[in-house]
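This briefing covers packing, surface and charge pairing in one structure. The sequence and model come first, followed by notes grouped by topic.

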Amino acid sequence: MAEDNKRAAAARRQRIQLLKKCIILTVVMVILLPIALCFILLERIQSMDKTLDSLFVQVETLKNIVTEQEERLKELEVDSVTVGEGSARAGDEEPEPSEQDRIPLQNVVSGEEVSGEEESSEAGQPDTDHDLPEDTEPEASAAHKVYLTFDDGPSKYTDDILDILDKYGVKATFFVVGKDSDFAREAMQEIVNRGHTLGMHSYTHKYSEIYNSLEDFAEDYEKIHDYVYEVTGVESTVYRFPGGSSNSVSDIDMQEFADYLDTQGVRFFDWNISSGDAGGKLLSVETLVKNCTKDIERFETSVILMHDAASKSTTVEALPTIIENILALEDTVILPITEDTELVQHIQRREKVPGD
Ligand code: ZN
């Protein structure tokens, strides 16, 4: 009897033990599981937080890129329109010398004028292996050689300009900037295909970047050089400084940049005749024609500055008359800039001779 009681008591104790274990396990589960879940969720939240952060950063970066592109687009569209020569430092736009500036410069440059007998070669056919189109023989002996140059393109007017040049059978020189678009690529290729000279006019056209240091200048130069080569296969060897070599924007001596171009085998060209279309005011066709043609007979070599920019509608309108008037001048030819073209530069180079 007593043994039965003992066994029953032992069995009860066992059941109680089991029950206790179950209760403890349940309690542990009830307490620990939510805590564990909390930890897992916390970790999830943290990692999502990080993802969110990086997404924010990406959005910000994209926003910046969009803003930059918009600014750049605006700048290229309005290039030079909104700027007179004086505002260039602030606005990063091109301070082409005004007409008043031009005359003394022209005199300086004209002092170095050389008879261009050595200018000889073939008509400017597109020649992607060779650097530049070449002059035709008969034109080499002309008393007055005129070089039409268009800066800041390509633009929506490039095609019109090319058609006008084709119509008169003359070749010109386009100093392009780095416009990274299918349209610009096609226009650059078209310039080359139609036998014109493709020159470089910096990639960004931003004075604050280009003229900040020699390193920055070299970087920008390489960018436009490689871009032109990548798009057209042309190894361009002519350059025009934004604002010209006589710009008053650069704190660094322009000779240093010119020396750098020497090391790249590149010659730079300024101008001795300005159409005047760089200013903010849209000039009339009559004024442009007069500016472009009135001094040609004074020079053996005339490099005329014009702009191929979206805002320069009257330059395109004036171009046919400009060409007609030039071709009507005695013993005068219109040529693309080639390796034989007499240099027209605003700054007097020290010791080193460009093109060496
Ligand atoms: Zn320019």
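**Charge pairs and cores**

Arginine 194 is buried, with a relative accessible area of 17% (buried means under 20%, exposed over 50%, partly exposed in between; 1.4 Å probe, protein chains only). This is a predicted model, in which local features need pLDDT of at least 70 and side-chain atom pairs count only at pLDDT 80 or more, while totals for chains, interfaces and linings use all residues. Residues are numbered from 1 along each chain as its sequence is written, and side-chain values use heavy atoms, without hydrogens and water.

Salt bridges
- The whole structure holds 13 salt bridges (a side-chain nitrogen of Lys or Arg within 4 Å of a carboxyl oxygen of Asp or Glu).
- Arginine 194 pairs with aspartate 163 at 2.9 Å, N to O; aspartate 163 is partly exposed, at 42%.
- Aspartate 259 and arginine 350 form a salt bridge, with the closest N and O atoms 2.5 Å apart.
- Aspartate 259 is buried at 13%, whereas arginine 350 is partly exposed at 33%.
- Aspartate 262 and arginine 349 meet at 3.0 Å, N to O, and both are buried.
- Shared partners join Asp253, Asp259, Asp262, Arg349 and Arg350 into one network.

Nonpolar cores
- The largest nonpolar core has 58 residues, and Leu148, Phe174 and Phe241 have the most contacts inside it (a core is a set of buried Ala, Val, Leu, Ile, Met, Phe, Trp, Tyr and Cys residues joined through side-chain atoms within 4.5 Å).
- A second, separate core of 13 residues includes Tyr147, Trp271, Val333 and Leu343.
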